[in-house]
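Subject: Handover of a structure and the findings on it

Dear colleague,

Please find below the sequence and structure that I am handing over to you. I would be grateful if you could read the notes that follow with the structure open beside them.

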Amino acid sequence: MSRSEDRPLTTCADPIDAAVLTDYWLALLNTADEAGVEAHLLTCDACGDRLRGIIQLSEGLRTLAQSGALTVVVPEGFVRHVARCGRQVR
């Protein structure tokens, strides 16, 4: 993960789990959990840096998937869903 070079590397005594940060970014948390994550992120640069890393990773994966260069095996139901959503399926 990258961080601003003008900030010192910090650690967190109670880091937020990567799965929770991902769910936060995807807006999948309930209101109470989301509020707790936001409160923590307001005071914790280390977890904020980790969240920024998750965002960068997700954007990179999205770009790769949209480029058509990614070959994956997916269930037939997923292919039908993607086609119904108007996406090109090869």
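The notes below describe what was found, beginning with the overall picture and ending with single residues.

Basis of the notes

The model is a predicted one, in which local features need pLDDT of at least 70 and side-chain atom pairs count only at pLDDT 80 or more, while totals for chains, interfaces and linings use all residues. Residues are numbered from 1 along each chain as its sequence is written, and side-chain values use heavy atoms, with hydrogens and water left out.

Overall picture

The protein has four helices and zero strands; helices (H or I, at least four residues) and strands (E, at least two) are DSSP runs, numbered from the N terminus. Read from the N terminus on, the order of elements is α-α-α-α. Of the 90 residues, 18% count as buried, where buried means under 20% relative accessible area, exposed means over 50% and partly exposed lies in between (1.4 Å probe, protein chains only). Among contacts between residues at least 6 apart in sequence, 61% join residues at least 24 apart; a contact here means heavy atoms within 4.5 Å.

How the helices meet

Helix 1 (residues 18-25) and helix 2 (residues 31-43) have axes that come within 11 Å and cross at roughly 105°. Axes are lines fitted to C-alpha atoms, for helices over the stretch in contact, and angles run from 0 to 180 degrees between N-to-C directions. Helix 1 and helix 2 are therefore roughly perpendicular to each other; angles under 35 degrees count as roughly parallel, over 145 as roughly antiparallel, 65 to 115 as roughly perpendicular and the rest as oblique. On the side of helix 1, V20, L21 and Y24 make the contact, and on the side of helix 2 the residues are E34, V37, E38 and L41. By class, the residues of this contact are five nonpolar, no polar and two charged. In this division Ala, Val, Leu, Ile, Met, Phe, Trp, Tyr, Cys and Pro count as nonpolar, Asp, Glu, Lys and Arg as charged, and the others, Gly among them, as polar.

Helix 2 also packs with helix 3 (residues 45-67), at an angle of about 110° and with the axes 6 Å apart. That angle makes helix 2 roughly perpendicular to helix 3. H40, L41 and T43 of helix 2 meet D45, C47, G48 and L51 of helix 3. The residues of this second contact divide into three nonpolar, three polar and one charged.

The start and end of helix 1

At the start of helix 1, a side-chain oxygen of D17 reaches to within 2.9 Å of the backbone nitrogen of A19. Helix 1 is followed by A27, which belongs to the loop between helix 1 and helix 2. The phi of A27 is near 60°, a positive value in a residue other than glycine. With a relative accessible area of 58%, A27 is exposed.

The cysteines

How many disulfides does the structure hold? The count is zero, a disulfide being a pair of cysteine sulfur atoms within 2.5 Å. The sulfur of C12 has its closest cysteine sulfur in C44, 3.6 Å away, which is too far for a bond. C44 counts as buried, at 9% relative accessibility.

Residues in helix 3

D49 lies in helix 3 and is buried, with a relative accessible area of 10%. The side chains of D49 and R52 are joined by a polar contact of 2.5 Å. A polar contact is a pair of N or O atoms within 3.5 Å; within protein, one must be able to donate a hydrogen and the other to accept it, and residues adjacent in sequence count only if both atoms are side-chain atoms.

S67 is also found in helix 3 and counts as partly exposed, at 46% relative accessibility. A polar atom of the S67 side chain lies 2.6 Å from the backbone oxygen of L64. The backbone nitrogen of A69 is 3.1 Å from a polar atom of the S67 side chain.

After helix 4

Q88 lies in the segment after helix 4 (76-84). Its relative accessible area is 64%, so Q88 is exposed. Q88 and G68 are 20 residues apart in sequence, and their C-alpha atoms are 9.7 Å apart in space.

With kind regards
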